[in-house]
Amino acid sequence: MKMYLAHPGSMILMLLVMLSAIITFTVLIFLIAYILVHGVPYIKPSLFSLHYTSENASLMPALINTIIMTFLSLLIAVPFGIFAAVFLVEYAKRGNKFMDIIRLTTETLSGIPSIVYGLFGMLFFVNTLGWGFSLIAGAFTLAIMILPLIMRQTEESLKSVPDSFREGSFGLGAGKLRTVFCIVLPSAVPGILAGVILAIGRIVGETAALMYTAGTVAKVPSSIFGSGRTLAVHMYNLSSEGLYMNQAYATAVILLILVVGINTLSGVIARRLAKA
């Protein structure tokens, strides 16, 4: 404290940092508490019925669709994002202008509003390819949305791996491909999973893009080419109608629990992989 008192500028910066942290923490706690207070009392067994009706406003079909949508989107985006990042970091020449254009493009894509992705998905996947409103159309649209995020996070994780790891592998006679997949990628797994966690959060909370591609049908489709709503879309529809606000708050609680559960599970997996 004496050091801060001797330097008033440092003292002011320290107080601003502490104030920012306190405000952020307070807002987070307030949002969580507000959702829990308004939603927990209305969590009833009827909300988990396998079939949605106007009486029960069940969220179970939307919950199942959310899990399916998350799995499909990650299945499409994660391999492309990781392989693209591996090429940019391990194979592309440093200072290549074409690579700079690719990085600029990915950063631009990450800033495009989700409604634009939704319109593109509707025009291309729904209409041009003839998939109609379906889970697969929504999954491809979301995969394009999260691809820059996964690609950028993977690229930074690969860059953080020390060059001594690569040099040691080359010195033992391993080739480039084996070095990348056996040495570099395993070392970068925790950082890659952090990007995947962020991508999952965006998938689970997305509404605009899915309304234009996956549709809003309140049931579990018989195939990935059928239409279905996710939890976020389900909550939006309930609140927009104005008749199911209590069920909308209850859905928000389940959505919050789902996100926290996925993030916790991903964190445990990342720590175990890091120790391995």
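A salt bridge here is a side-chain nitrogen of Lys or Arg within 4 Å of a carboxyl oxygen of Asp or Glu. With that term in hand, welcome to the close-up views.

**View 1. Lys176 and Glu90 meet in a salt bridge.** The side chains of these two residues approach to 3.7 Å, N to O. Lys176 belongs to helix 8 (residues 176-205) and Glu90 to helix 3 (residues 60-91), so their pairing ties together parts that lie 86 residues apart in sequence. Helices (H or I, at least four residues) and strands (E, at least two) are DSSP runs, numbered from the N terminus. How accessible is Lys176? Its relative accessibility is 32%, which counts as partly exposed. Glu90, at 9% relative accessibility, counts as buried. Buried means under 20% relative accessible area, exposed over 50%, and partly exposed in between (1.4 Å probe, protein chains only). As background, side chains of opposite charge can pair when their charged atoms come close.

**About the model.** This is a predicted model, in which local features need pLDDT of at least 70, side-chain atom pairs count only at pLDDT 80 or more, and totals for chains, interfaces and linings use all residues. Residues are numbered from 1 along each chain as its sequence is written, and side-chain values use heavy atoms, with hydrogens and water left out.

**View 2. The whole chain is built from eleven helices and zero strands.** Reading along the sequence gives the pattern α-α-α-α-α-α-α-α-α-α-α. The C-alpha trace spans about 65 × 60 × 35 Å along its principal axes. Of the 276 residues in the protein chain, 39% are buried. Take the contacts (heavy atoms within 4.5 Å) between residues at least 6 apart in sequence: 71% of them join residues at least 24 apart. The chain exposes about 15,300 Å², and carbon and sulfur atoms supply 72% of that area. Accessible areas come from the Shrake-Rupley method with a 1.4 Å probe; for residues, only the protein chains shown count as cover.

**View 3. Glu155 has salt-bridge partners in Arg152 and Lys159.** Arg152 and Glu155 come to 3.4 Å, N to O. Both lie in helix 6 (residues 135-159), three residues apart, about one turn of the helix. How far apart are the closest N and O atoms of Glu155 and Lys159? They are 3.6 Å apart. Glu155 and Lys159 are four residues apart in helix 6, so about one helical turn separates them. Salt bridges that share partners join Glu107, Arg152, Glu155, Glu156 and Lys159 into one network. Within this group, Glu155 is buried, with a relative accessible area of 2%. Arg152 is partly exposed at 29%, and Lys159 is partly exposed at 46%. A search of the whole structure finds seven salt bridges.

**View 4. Phe120, Phe124 and Phe125 belong to a cluster of rings.** The structure holds ten aromatic pairs. The ring centres of Phe120 and Phe124 are 5.7 Å apart and their planes meet at 10°, so this pair is stacked. Rings of Phe, Tyr and Trp (its six-membered ring) pair if their centres lie within 6.5 Å; planes under 30 degrees apart count as stacked, over 60 as edge-to-face and the rest as tilted. Phe120 and Phe124 are four residues apart in helix 5 (residues 114-128), so about one helical turn separates them. Phe120 is partly exposed at 39% relative accessibility, and Phe124 is partly exposed with a relative accessible area of 34%. Phe124 also pairs with Phe125: their ring centres are 5.1 Å apart and their planes at 75°, so that pair is edge-to-face. Is Phe125 buried or exposed? Phe125 is buried, with a relative accessible area of 5%. Ring pairs link Phe120, Phe124, Phe125, Trp131, Phe140 and Phe225 into the cluster.
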